[in-house]
Amino acid sequence: MSWGTELWDQFDNLEKHTQWGIDILEKYIKFVKERTEIELSYAKQLRNLSKKYQPKKNSKEEEEYKYTSCKAFISNLNEMNDYAGQHEVISENMASQIIVDLARYVQELKQERKSNFHDGRKAQQHIETCWKQLESSKRRFERDCKEADRAQQYFEKMDADINVTKADVEKARQQAQIRHQMAEDSKADYSSILQKFNHEQHEYYHTHIPNIFQKIQEMEERRIVRMGESMKTYAEVDRQVIPIIGKCLDGIVKAAESIDQKNDSQLVIEAYKSGFEPPGDIEFEDYTQPMKRTVSDNSLSNSRGEGKPDLKFGGKSKGKLWPFIKKNKGATPEDFSNLPPEQRRKKLQQKVDELNKEIQKEMDQRDAITKMKDVYLKNPQMGDPASLDHKLAEVSQNIEKLRVETQKFEAWLAEVEGRLPARSEQARRQSGLYDSQNPPTVNNCAQDRESPDGSYTEEQSQESEMKVLATDFDDEFDDEEPLPAIGTCKALYTFEGQNEGTISVVEGETLYVIEEDKGDGWTRIRRNEDEEGYVPTSYVEVCLDKNAKGAKTYI
């Protein structure tokens with residue numbers, strides 16, 4: 001099966017076919033190029049998608065990704081990012097192993113095809129030239145033969161005519177001989193050219209054209225093989241990344257299997273646990289019994305102080321019904337006293353850890369400066385050791401400040417964790433230092449009995465409570481005698497009572513206790529006959545007399 005023998009007369013069709021083959025190869029290159037562009041675009045979209053759903057740095061959203069399901073989602077995004085990388089690899093390999101290689105091969109193929117068909121046209125032109133020579137020799141031989149016949153006929157006619165002179169006959173005879181000789185020469189030339197043409201024609205159809213067509217056939221077959229190899233490479237490039245893509249998918253499955261619903265439930269408890277006990281039952285208030293107005297041990301619960309339990313019945317008490325009170329929208333205090341105990345402990349612990357890290361960082365910096373100073377002392381040409389004294393002093397001062405700050409938060413943390421039954425002298429000093437810089441407000445009171453949502457602010461407690469007292473109960477007890485003192489208390493800190501129902505106290509001041517804390521974080525005290533009110537229980541040290549259970553209580 002050879003194009004040279006089977007298609008010896010299909011030069012033009014072979015030329016068209018080989019051009020079509022090159023066009024097909026270029027079309028395949030274009031197809032692969034568009035595939036690489038799609039892979040790159042797909043990889044870019046996957047990366048953008050992964051980046052879009054990544055949690056933002058130092059944001060609340062980042063804190064929410066502590067749950068196993070969210071961690072699995074992050075792993076999913078990371079694996080998707082790696083998955084996108086493999087599509088970029090596909091694009092790069094196809095471009096380098098197929099597109100570049102085939103584009104270079106197409107240029108070589110065009111040059112080879114051009115050379116082969118140029119040789120074919122050259123052979124065609126040569127055989128056509130030989131054919132034209134043969135035709136010209138043939139026509140000349142034919143013409144000379146006819147001229148010789150006419151000259152012979154004219155001679156015979158002249159020779160038969162008795163009226164023609166002998167000289168004219170001789171002239172006609174000579175002319176016939178000349179024409180006959182010319183015909184013989186043309187015949188010999190024609191025969192020679194014919195033999196040469198037949199030889200050239202034989203060479204053309206049995207040697208030159210088969211050789212040229214064989215080269216063209218081999219060129220076309222190489223093109224076909226090269227295209228098939230490129231298709232195999234196309235598949236192999238995809239196949240090479242399949243194991244890595246499989247690992248990406250396995251990573252997603254592994255991340256999904258790592259989800260622990262029980263652990264997430266525990267994290268929810270740790271995130272929102274307040275540390276308080278659920279509110280107890282509300283006692284029945286029997287208003288059918290006459291109110292006892294005599295001063296006795298029961299006056300603490302049956303007299304004017306009864307107004308606070310009445311508030312619990314009305315749903316305004318913060319000691320019992322704290323879940324139904326709105327949170328304070330004010331600024332968060334430094335000691336996180338607006339948070340429930342459990343949440344406050346976590347925040348304080350987190351703050352202590354952050355401060356310890358900062359201290360370690362400053363200490364590392366101090367060590368580095370000290371080493372540098374030692375180097376300067378040993379090699380003065382490298383620098384002045386005295387130039388580092390200021391920096392060293394500044395770092396030491398920062399460390400001391402951070403340690404003081406850490407001790408302050410550790411004291412608050414110890415108080416919350418119950419390691420300190422009352423405020424220790426150190427904690428008081430720390431609080432005193434803080435109070436001197438930031439005057440305390442009601443929200444700053446560190447009290448384990450405060451509401452879980454930190455709603456014991458003046459606006460939400462004293463004001464609302466005293467307002468109810470003033471509107472609902474003052475008329476009933478207008479003529480009542482002042483409540484008796486059930487003990488004394490000493491102010492541990494200064495408190496500015498700015499709302500109705502509260503009273504201002506100065507640190508170290510001694511006052512009378514007329515109503516103890518009912519569980520809502522407030523104690524009712526009196527300074528004189530006309531000045532009484534509520535203060536945060538954590539701001540005073542209460543000592544009840546023996547008639548009030550005879551016990552000394554530290555709050």
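Q: What lies over the face of Tyr105?
A: Arg226 does, at 4.5 Å from the ring centre. Keep in mind that this is a predicted model.

Q: OK, on to ring-ring contacts. How many aromatic pairs does the structure hold?
A: There are 13 aromatic pairs. One of them is Phe11 with Phe117, an edge-to-face pair with 5.4 Å centre to centre and 80 degrees between the planes.

Q: Where do Phe11 and Phe117 lie?
A: Phe11 is in helix H2 (residues 11-52) and Phe117 is in helix H4 (residues 68-160), so their pairing ties together parts that are 106 residues apart in sequence.

Q: And are Phe11 and Phe117 buried or exposed?
A: Phe11 is buried, and Phe117 is buried too.

Q: Now the tyrosines. What kind of aromatic pair do Tyr493 and Tyr539 form?
A: Edge-to-face again, with the centres 5.6 Å apart and 75 degrees between the planes.

Q: Which parts of the chain does that pair link?
A: Two loops, 46 residues apart. Tyr493 sits in the loop between strand S1 (487-491) and strand S2 (510-515), while Tyr539 sits in the loop between strand S4 (531-536) and strand S5 (540-544).

Q: Why does Tyr539 count as buried?
A: Because its relative accessibility is 4%, and the cut-off for buried is under 20%. Tyr493 is buried as well, with a relative accessible area of 5%.

Definitions and conventions:
Residues numbered from 1 in each chain as written. Predicted model: local features only at pLDDT ≥ 70, side-chain atom pairs only at ≥ 80, totals over all residues. Heavy atoms only, no water. Phe/Tyr/Trp six-rings, centres within 6.5 Å; stacked < 30°, edge-to-face > 60°. Helix = DSSP H or I, 4+ residues; strand = E, 2+ residues; numbered from the N terminus. Buried < 20%, exposed > 50% of the residue type's maximum accessible area, 1.4 Å probe, protein only. Lys NZ or Arg CZ within 6 Å of the ring centre and 35° of its normal.
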